Amino acid sequence: MELGLVGLGKMGGNMRERIRRAGHTVIGYDRNPDVADVHSLEELVGRLKGPRVVWVMVPAGAATQSTVDELAELLSPGDVVVDGGNSRWTDDEKHAVELGIKDIGFVDCGVSGGVWGLENGYALMYGGTDENVAKVQPVFDALKPEGDFGSVHAGKVGAGHFAKMQAYAEGWELLEKVDSVTDVREVFRSWQEGTVIRSWLLDLAVNALDDDEHLDKLRGFAADSGEGRWTVEAAIDNAVPLPAITASLFARFASRQDDSPQMKMIAALRNQFGGHAVENKK
């Protein structure tokens, strides 16, 4: 397919190369003429055949907004804009409405992989309608890592950028709560390849979600066997700051008060990596 790519910095430039290696045509525009294939957005759009797909990789905020505004005047009904920068998910929803007035589609895509993405692939989390995602799918397939994981259609517009920002237990609860992300388990699975947060612990989280997708069978209860208390006490005695460990200890205490969704994930992970007992709901 053909793709217009706006923004050819460290991420965008490598993405252009990886997509080209997959056999697709990429026409890139950047304010730096030394790396650009064309000299303006108007020339970029003019070089593409419809329905056009234009991927934007510029800084979030004003730069993205001005680019979307200009593309709205240049593109035609049936074309699609992809925001692959680090935009706030609420901006995605706004851009989708603005472009939708002109029957131009919008897809947001959280991209992770940094400087290693060219060779290893990029973890992709994208949000949008099935129709618009299908128009971009060959590019997603070119950018993602080899194998079954590393890419997910996370839900509606905004879901891609929303999913990218989360961590494990807290992130799982928040992702389960929001309306835009419709398949939290597959978002977690997509993180297993190409992201800087991939780990054995993440693999175990996916295992737990495969066993019980919404952790409905577990109570949000984590026992305290003493090591956490002793570690915090030693840190106090030696004036060593351990904010994460201290917070995790108090989170265990909190788990005994109510059925905490976050603690459900922690209980599931402890069971996966250490065989620790879990308490099932009555």
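D210 is partly exposed, with a relative accessible area of 36%. In this predicted model, D210 pairs up with R189 in a salt bridge whose closest N and O atoms sit 2.7 Å apart. D210 belongs to helix α10 and R189 to helix α9, so the pair ties together parts that are 21 residues apart in sequence. That's a handy place to start, and the rest of this briefing works outward from there.

- R189, the partner of D210, is buried, with a relative accessible area of 15%.
- E213 has a salt bridge too, this one with R185, and here the closest N and O atoms are 3.6 Å apart.
- E213 sits in the loop between α10 and α11 (227–237) while R185 is in helix α9, so this pair links parts that are 28 residues apart in sequence.
- Put together, R185, E186, R189, D210 and E213 are joined in a network of salt bridges.

- The structure holds 13 salt bridges, and one of them joins R20 to D37, with the closest N and O atoms 2.9 Å apart.
- R20 is part of helix α1 (residues 10–21) and D37 is in the loop between β2 and α2, so the pair ties together parts that are 17 residues apart in sequence.
- R20 is partly exposed at 33% relative accessible area, and D37 is partly exposed at 29%.
- As a bit of background, side chains of opposite charge can pair when their charged atoms come close.

**The loop that holds V35**

- V35 lies in the loop between β2 (25–29) and α2 (41–47).
- With a relative accessible area of 28%, V35 is partly exposed.
- Not counting residues up to four places away in sequence, V35 touches L8, R16 and D30.
- V35 and N14 are 21 residues apart along the chain, and their C-alpha atoms are separated by 11 Å.

**Q192, between α9 and α10**

- You'll find Q192 in the loop between α9 (184–190) and α10 (200–211).
- Is Q192 buried or exposed? Q192 is buried, with a relative accessible area of 13%.
- The side chain of Q192 makes a polar contact with the side chain of D203, at 2.6 Å.
- Leaving aside neighbours within four places in sequence, Q192 is in contact with F149, R198, L202, D203 and V206.

- Helix α8 (residues 169–177) has A169, G171, W172 and L175 as its buried residues.
- Looking down the axis of α8, those buried residues fall within an arc of 160°, so they line one face of the helix.

**A nonpolar patch on the surface**

- Which residues form a nonpolar patch on the surface? They are W200, L201 and F273, with about 320 Å² of accessible area together.
- F273 comes from helix α13 (residues 261–274).
- At 41% relative accessibility, F273 counts as partly exposed.

Notes: Residues are numbered from 1 along each chain as its sequence is written. This is a predicted model: local features need pLDDT of at least 70, side-chain atom pairs count only at pLDDT 80 or more; totals for chains, interfaces and linings use all residues. Side-chain values use heavy atoms; hydrogens and water are left out. Helices (H or I, at least four residues) and strands (E, at least two) are DSSP runs, numbered from the N terminus. Buried means under 20% relative accessible area, exposed over 50%, partly exposed in between (1.4 Å probe, protein chains only). A polar contact is a pair of N or O atoms within 3.5 Å; within protein, one must be able to donate a hydrogen and the other to accept it, and residues adjacent in sequence count only if both atoms are side-chain atoms. Contact means heavy atoms within 4.5 Å. The arc is that of the directions from the helix axis to the C-beta atoms. Patches are made of residues with over 30% relative accessible area and no salt bridge: like charges are joined within 9 Å, nonpolar side chains (Val, Leu, Ile, Met, Phe, Trp, Tyr) within 5 Å. Accessible areas come from the Shrake-Rupley method with a 1.4 Å probe; for residues, only the protein chains shown count as cover. A salt bridge is a side-chain nitrogen of Lys or Arg within 4 Å of a carboxyl oxygen of Asp or Glu.
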